[in-house]
Amino acid sequence: MRSFEYARPETEGEALELLSEHGGNTAVLAGGTDLMNLLKRDVIQPDRVVDIKNVSSWRGIKRHEDGVLIGANVTLDEINEHAISADYRSLIDVIDGIRAIQITAHGTVAGDLCQLPHCWYFRNGYGLLAMKDGESLVATGDNRYHAILGNSGPAKFVSASRFAPPAIAWDAKVRIVTRRPANVEHVSNVLPANAKKTEHVENVLHEEWLPLEYFFLTPKTNGQGVTVLKPGQVITHLWLPAASDTRSATYEVLELNGLDQPQASAACCLGLDGGIVRHAKIVLGHVAPTPWIAHEAAKWLVGQQLTSDIAETAGRMAVSKATPLSHNDYKVQMAQTAVKRALLKATNQLGEVL
Ligand SMILES: Cc1cc2nc3c(=O)[nH]c(=O)nc-3n(C[C@H](O)[C@H](O)[C@H](O)COP(=O)(O)OP(=O)(O)OC[C@H]3O[C@@H](n4cnc5c(N)ncnc54)[C@H](O)[C@@H]3O)c2cc1C
């Protein structure tokens, strides 16, 4: 392992200052469950590691009238044990599936959202695009766990976050802050014209609330990352809109009973009126370089009575544009089934089909 400076700030201001120095070649340490491995394997080489666990304003879960504010440092166990767990079932489904107390006790919400891909070529030093001598190692090699959607460009890894699919289905936002206002121009470039964005400059602090669905990026060149975060930027909070009577569920297809990453997952949020779907959002995970929003399937569901057959059709629609690689066409069926089961789980019908 290379040597690096270690810093442990206690306030937001201190943390941002420490992160912006060294030309931004710094890394955020939250629970450390993933970052330590990246450092040990030399996959990332920061000059300074900034341990944010003691930043007290980035801790805690606060309920507001119109939603819930979750600090970046909140652990998965803390979410699970909080009263909000009854309202946001799709988040708890993810925590239930982790089955590793090391991860749930130390892993944080923001650490999950920002974790880097588990692609074995990336983790072995070939970069996010996994190129060697101008060839894609993924396209010609072992691609059984790689992307089946959004994989036409050079990036073929799958997004690692398990919370992102359910959080995006909830229309979550993240608070991103930086000491360098100039960086925010980049963030605004990735937003579609109709996306809501708020920002203000106060001294040198720049704050932005970004809808989580615009947070993830598919890199096209080696210099690009997997999120909009630029050097020195950090997530401080996650905002979930009030649950009201929305129903939600996540269904993950896992191979192991212990430490594992899903091969495919689907999360949904549904508004129902007498069994008829009034609004729907479906997001797939671990099938594309970013969480994958199934817009067409969700739109088609509106106005339907949610039965097993309808859920199955929605699943088929969600993966209809899949372009599997040489060794992963099995994931298409998995993703389709994950959508069907997430929809049935959200409406308490899953037991009837298993
Ligand atoms: C051996 C091993 C097994 C694992 N098994 C599982 C598993 O079974 N299930 C699972 O879901 N995950 C697993 N993971 C992945 C990961 O540990 C968890 O997802 C965890 O939630 C990450 O949270 P953390 O707080 O420990 O993040 P860290 O390891 O501290 O950070 C992860 C990444 O996020 C960045 N980061 C952290 N916080 C912020 C922030 N506030 N703003 C900006 N960037 C930030 C870090 O710089 C780093 O790049 C595993 C990892 C390892 C190494």
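Where does Asp 42 lie? Asp 42 sits in the loop between α2 (35–40) and β3. Keep in mind that this is a predicted model.

**The open sheet**
- Three strands, in the order β1-β3-β2, make up an open sheet with parallel pairing.
- At the edges are β1 (5–7) and β2 (26–29), each of which pairs on one side only.
- From one strand to the next, the twist averages 20°.
- Strand β3 covers residues 48–51, and its parallel pairing with β2 runs over 4 bridges.
- To find a spot where you can see this pairing, look for Leu 29, which stands opposite Asp 51 in β3.

**The hairpin**
- Strands β4 (residues 61–64) and β5 (residues 67–71) run antiparallel and are joined by 4 bridges.
- A hairpin of 2 residues links β4 to β5.
- Here, Lys 62 is the residue that stands opposite Leu 69 in β5.

**A background idea**
- Strands of a sheet pair through backbone hydrogen bonds, and the pairing can be parallel or antiparallel.

**Back to Asp 42**
- Is Asp 42 buried, partly exposed or exposed? Its relative accessible area is 29%, so Asp 42 counts as partly exposed, a class that lies between the cut-offs of 20% and 50%.
- Asp 42 and Met 1 are 41 residues apart in sequence, while their C-alpha atoms are 6.6 Å apart in space.
- The side chains of Asp 42 and Arg 2 are joined by a polar contact of 2.8 Å.

Conventions
Residues are numbered from 1 along each chain as its sequence is written. This is a predicted model: local features need pLDDT of at least 70, side-chain atom pairs count only at pLDDT 80 or more; totals for chains, interfaces and linings use all residues. Side-chain values use heavy atoms; hydrogens and water are left out. Two strands pair if DSSP finds at least two bridges between them. Axes are lines fitted to C-alpha atoms, for helices over the stretch in contact, and angles run from 0 to 180 degrees between N-to-C directions. Buried means under 20% relative accessible area, exposed over 50%, partly exposed in between (1.4 Å probe, protein chains only). A polar contact is a pair of N or O atoms within 3.5 Å; within protein, one must be able to donate a hydrogen and the other to accept it, and residues adjacent in sequence count only if both atoms are side-chain atoms.
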